[in-house]
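Subject: Structure handover and notes

Hello,

I am passing this structure on to you.

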Amino acid sequence: MKAFALALASWLVTIGVPLLLVLGSVRLVMSPQYLLFEYQRPDMTADMFGFGLEDRVRWGPIGIDYLLTDADISLLGDLRFPDGAALFTQRELGHMVDVKAVTRAAFALLTASLAVFPLCAWILARSGQPGQLRNALIRGAVFTLSAIVAILFGATVAWDTFFALFHRAFFADGTWIFYTSDTLIRLYPEKFWFDAALTIGILVIGGALLILVLSVWQWRRSLRVRQPETVV
């Protein structure tokens with residue numbers, strides 16, 4: 001039973017590494033602060049239908065607030081242009097409802113990982129076998145690096161295909177495709193999503209490399225400590 005518990009804890013730590021790095025990075029990027037940073041970049045796609053920086057700064061963060069809080073879809077549905085027309089179409093509002101469902105599920109998984117990961121790491125650290133925790137972290141870091149590098153390569157080389165496959169994995173066909181004149185595209189253009197994906201990738205790679213370097217350093221340090229002294 002003890003061996004099974006240690007094996008389970010080890011694999012949960014391994015799986016927890018990419019989950020925490022990816023979902024934690026998504027949470028950092030999915031913030032009004034990051035959105036405002038993107039809006040102010042000189043290479044951000046301009047809106048050909050008239051939204052300037054002030055308009056994007058006014059409306060864009062409200063979409064983030066809707067996704068991250070318990071607000072009802074009326075938060076977006078009640079928004080109006082100066083002429084009284086609705087800011088978002090019913091199709092756009094329906095997509096945002098779907099996005100919120102995916103967001104809540106993802107962050108629920110992040111919360112669960114934040115609870116389970118430290119417990120499993122503590123179990124491995126207290127097992128009397130120091131290598132258990134280290135090996136689990138190394139496995140998780142290597143898997144994360146392999147997966148994220150492959151994903152970033154695919155996203156950089158074939159962004160349109162990557163973007164479409166990502167949406168098809170979470171949303172019904174056709175529900176995530178909009179006109180360039182739709183408010184969602186005007187507030188969150190493709191350049192924003194490309195930059196966000198790249199930022200998440202960089203954060204995940206940095207975190208995985210840090211875990212890998214620290215784990216290998218600890219392993220080499222433990223070897224030096226256990227190495228017997230030479231008697232002359």
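Predicted model: local features only at pLDDT ≥ 70, side-chain atom pairs only at ≥ 80, totals over all residues.

Residues are numbered from 1 along each chain as its sequence is written, and side-chain values use heavy atoms, with hydrogens and water left out.

Salt bridges

A salt bridge here is a side-chain nitrogen of Lys or Arg within 4 Å of a carboxyl oxygen of Asp or Glu. The count by this rule is seven. E38, R41, D43, K191 and D195 are joined in a network of such bridges.

For burial, the cut-offs are under 20% relative accessible area for buried, over 50% for exposed, and partly exposed in between (1.4 Å probe, protein chains only). E38 is buried at 0%, whereas R41 is partly exposed at 28%.

K191 bridges to D43, with the closest N and O atoms 3.2 Å apart. This pair links distant parts of the chain, 148 residues apart: K191 lies in helix α9 (residues 190-226), and D43 lies in the loop between α2 (32-39) and α3 (53-68). Helices are DSSP runs (H or I, at least four residues), numbered from the N terminus. D43 is partly exposed, at 41% relative accessible area.

K191 also forms a salt bridge with D195, and here the closest N and O atoms are 2.7 Å apart. Because K191 and D195 are four residues apart in helix α9, about one helical turn separates them. D195 is buried, with a relative accessible area of 5%.

Helix α3

Helix α3 has 16 residues and spans 23 Å from its first C-alpha to its last, close to the expected 22 Å (1.5 Å times one less than the number of residues). Its buried residues include R56, W59, I62 and Y66. The buried residues of α3 pack against α2, α4 (74-77), α5 (90-125) and α8 (183-187), with contact meaning heavy atoms within 4.5 Å.

Surface patch

F4, L8, L12 and V116 make a nonpolar surface patch of about 350 Å². Patch residues have over 30% relative accessible area and no salt bridge; like charges are joined within 9 Å, and nonpolar side chains (Val, Leu, Ile, Met, Phe, Trp, Tyr) within 5 Å. Areas come from the Shrake-Rupley method with a 1.4 Å probe; for residues, only the protein chains shown count as cover. Helix α1 (residues 2-29) gives the largest share of the patch, three residues. F4 is in helix α1 and is exposed at 56% relative accessibility.

Regards

Definitions and conventions: Helix = DSSP H or I, 4+ residues; strand = E, 2+ residues; numbered from the N terminus.
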